[in-house]
Amino acid sequence: MPVATMLLDVRGVTKRYGGLVANSNISFQVGYGELVGIIGPNGAGKSTLFDLVTGFQPADKGQVLLEGESVTRLRPDEISRRGVARTFQKLKPFTQMTVVENVMVGAFQKTTVPARARREAMEALDRVGLADKAEAHARVLSTGQRKRLELARALATQPRLLLLDEVTGGVDQRSIPALVDLVRRLHGEGASLIVIEHNMSVIMGISQRIVALNLGEVIADGPPAVVGRDPRVVEAYLGQAYVA
Amino acid sequence: MTAEVLVQGLVSGLLMGFVYALIAAGLSLIFGLMEIVNFAHGEFLMGAMFATFWAWALLKLDPLVSLPLTVLLLALFGLLVYHGLIRWILGAPMLAQIFATFGLAIFLRAAAQALWGADFRLVKGPLVDGRISLAGIFIGLPQLVASVGALCAFGLLYWFIRKTETGLALQATSQDRQAAMLMGIDTQRMFALGWAIGAACVGAAGALLAMFFYIFPDVGATFALLAYVAVALGGFGNVPATLLAGVIVGIVEVLGGLLIAPALKYAVVFSLYLVVVLWRPQGLLGRF
Amino acid sequence: MPPVARWPVVRWTGAGTLLLLLLAFPLVFTQPHPRHVVITIFLFAMLAQAWNLLAGYCGQISLGHAVFFGAGAYTSTLLGKYFDLSPWIGMVVGAVVAVAVSQLIGYPVFRLRGHYFAIATIAVGEIVNTLMINWDWAGGARGLFVPIKRPDSLANLQFHQSKQNYYYIALGLLLLAFWITRKVEVSRMGYYLRAIREDQDAAASLGIPVAAYKQRAMALSAALTALGGSFYAQYILFIDPDSVFPTALSILICLVAVLGGIGTLWGPLIGAAILIPLGEWTRIYFGGTGKAVDLLIYGALIMLVSVIQPGGIMALAQRGRRRTG
């Protein structure tokens, strides 16, 4: 595949914590405008993978290439400035700031003028449907709203690649469809996304491709229909007894 | 500087190291339980030393005799501090936690000054006095007894944490608060207990030090800083490791004074702190 | 508590009136003592404001800030004493020295978080204090006398006849601190500092070079504090490690900011306006033991503030306003 069509190229990435291998020789690619879902049982190494790609943890082996350029040894803020944004599984809103100020912090990556940043922030809030809560304090938001806030903050950095760690985790049933719709809409607008998600029906529904992890290794990589029927995937989630 | 002076210094550093270890153990225990640094730890020590002094001055009790009383007194004080202050800032932002014990430290130091003045006091004619000579090395008897006493207290603490049910509950709370709660351990009681024991350690150390050390309101400050270094060296929360760490601090202090300059010995120790936390933030031995 | 983006007219009028009152103060109160008290208030408000930049806005709690105060005081005094340099130039050089020291300290120490960082700043403060006590060329424990220059002149920054000019210079420094803080507060830097304070990882994930911004806040804070130190030297005309480097000074600076309201623009001034006269009063009332009673009250106040309202008086005021508004 020619280099230009690959946004993200993860090659043989390995991460060990003492005796525990969190990620073992993981390789996969994300193309422009693709929505790739990452699935795997707890402890499979999904969040570690995100940490490695975004620079929060150093990889022991392997490379991460963004549009052909290596970002393997870079700090998180350097990677962010190269166009990779992420949300966190354990949400991290800036609680002492208002909603719009939260997003402005993201917007400031592209401008130094506060008024401009505010405008961009309001636009991002609009996209995620939180514009009416702009002046509220971040700490009064519900989990679903916080997820949107974190998303808006990430969007304000105008990323080329967006990593979402657990879209529906902790969100009440009623709010899930709207959130999923939002992710679909972003993808429809041309965003490139990698999404970690536990909710099977959600992830299978929105992904163009699924990468399945188990015990730190990639066990399947392909369209949702194929991966969903892959015996290794079934075994990882449900156990040997369920493999057809 | 001769080998003799060096060995003499190392021995005295080692002896003091055990006392530092005892002080640091209390600090480490508290931090391990609730991630709060007791910035008033030095003042607890100062309080114990003054209690011992007054027991001697007013009741004619030798430090070794009043030691159990001092330990009990400090344990109660630790409980008081927990229920009166710490309990209210458990969930508070770190700034509030730092300033709470910081404020307590200032308050206690000022109270001692206001009550007893800035004069240096000394227990004169303790039960244990004089020097002995071991293989050509001179060791002050009070220092030796203090050191051995500290080591014993440390051993007692270690046995308590590792071998008793309450001690295990303490360890559990320290390692994973939520899991401990799920197992039915009353974490509030554990916290209070932690403070009581931490203060008791300092109480013992203070009583022992009072045998030969000058006592004055600011005396806790230096010990506290040395204790921070020892806790950092051993790993915040790793109580057994503070034994080794305390000894290292004691030896570095002496070596710093001998090899560089007596006035700068503390500067050397603090530089050690900076080196340790930067090079190995989890301490030489890590957590538990 | 987010800073107000634009000051409403009410606030401008209030601030303006206050400024006029402060400008007129020495014309009304001509005795040296009241002027001295207010000068001290200005000085500590300014030092607290400088500390606030690093600790309040950026969340890095430094408990050894006296290092920069002393750096300013000693640099300008030594330059004046040995090289006959004007204290104004000395002030600027002092700020530069403080910035250099701050970057040196910051580089290793900023890798630490929370309690480790606070302890490290205490350690640095103690190390510097000890070094200065033993540095004889710089006066050692005996301290340094600032060479007396007569007649009074602005160029020499020494006035012996009256405190009036000291008053206006101190006020000027305070206004400078206010202005800088306000500028930072509403700029991108202000947002970035606050983000770092709230959550360093989230901040980094948004592209903020965390270490670099901490260093910047530190540099700004150190420079302002050093200016205060140089002023102090010229005002008191004697400095020694015990007066410009002790942990007690670092503590007082923190307390002023925390009591008034950490991370707010007006907090430091409010804190100073309460604590300095309080200190004066205890000193006068209790005489020799005054120092201890001072600290007793300070300690109690710090504990109370941290338990009841870590946001200080400003936070209390906000709560009150929200309830009635």
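A crossing is called left-handed if the near helix is turned anticlockwise from the far one by less than a right angle, and right-handed if clockwise. Helices (H or I, at least four residues) and strands (E, at least two) are DSSP runs, numbered from the N terminus. Bear in mind that this is a predicted model: local features need pLDDT of at least 70, side-chain atom pairs count only at pLDDT 80 or more, and totals for chains, interfaces and linings use all residues. Residues are numbered from 1 along each chain as its sequence is written, while chains are lettered from A and ligands numbered from 1 in the order in which they are written.

**Exercise 1. Describe how α2(B) packs on α9(B).**

Step 1: get the geometry. Axes are lines fitted to C-alpha atoms, for helices over the stretch in contact, and angles run from 0 to 180 degrees between N-to-C directions. The axes of α2 (residues 41–59) and α9 (residues 219–234) of chain B come within 7 Å and cross at roughly 130°.

Step 2: name the arrangement. That angle makes α2(B) oblique to α9(B); angles under 35 degrees count as roughly parallel, over 145 as roughly antiparallel, 65 to 115 as roughly perpendicular and the rest as oblique. The crossing of these two, α2(B) and α9(B), is right-handed.

Step 3: look at who touches whom. Two residues are in contact if their C-beta atoms, placed from the backbone, lie within 7 Å. On the α2(B) side you'll find, among others, B:His41, B:Leu45 and B:Met49, and they face a set in α9(B) including B:Val219, B:Phe223 and B:Ala227.

Step 4: sort by class. Ala, Val, Leu, Ile, Met, Phe, Trp, Tyr, Cys and Pro count as nonpolar, Asp, Glu, Lys and Arg as charged, and the others, Gly among them, as polar. The contact of α2(B) with α9(B) then splits into eight nonpolar, three polar and one charged residues.

**Exercise 2. Which elements of chain C give two or more residues to the side that touches chain B?**

Step 1: count the contact. Chain C puts in 33 residues and chain B 34.

Step 2: assign them. The elements are α5 (114–133), α11 (247–261) and α13 (290–308) of chain C, with the largest share, 12 residues, coming from α5(C).

Step 3: classify. This side of chain C has 24 nonpolar, seven polar and two charged residues.

**Exercise 3. Work out the strand order of the open sheet in chain A.**

Step 1: two strands pair if DSSP finds at least two bridges between them. Six strands line up as β6-β7-β8-β3-β9-β10, with mixed pairing.

Step 2: find the edges. β6 (84–86) and β10 (217–222) of chain A each pair on one side only.

Step 3: zoom in on one pair. β6(A) and β7(A) run parallel over three bridges, and A:Arg86 has A:Leu163 in β7(A) as its bridge partner.
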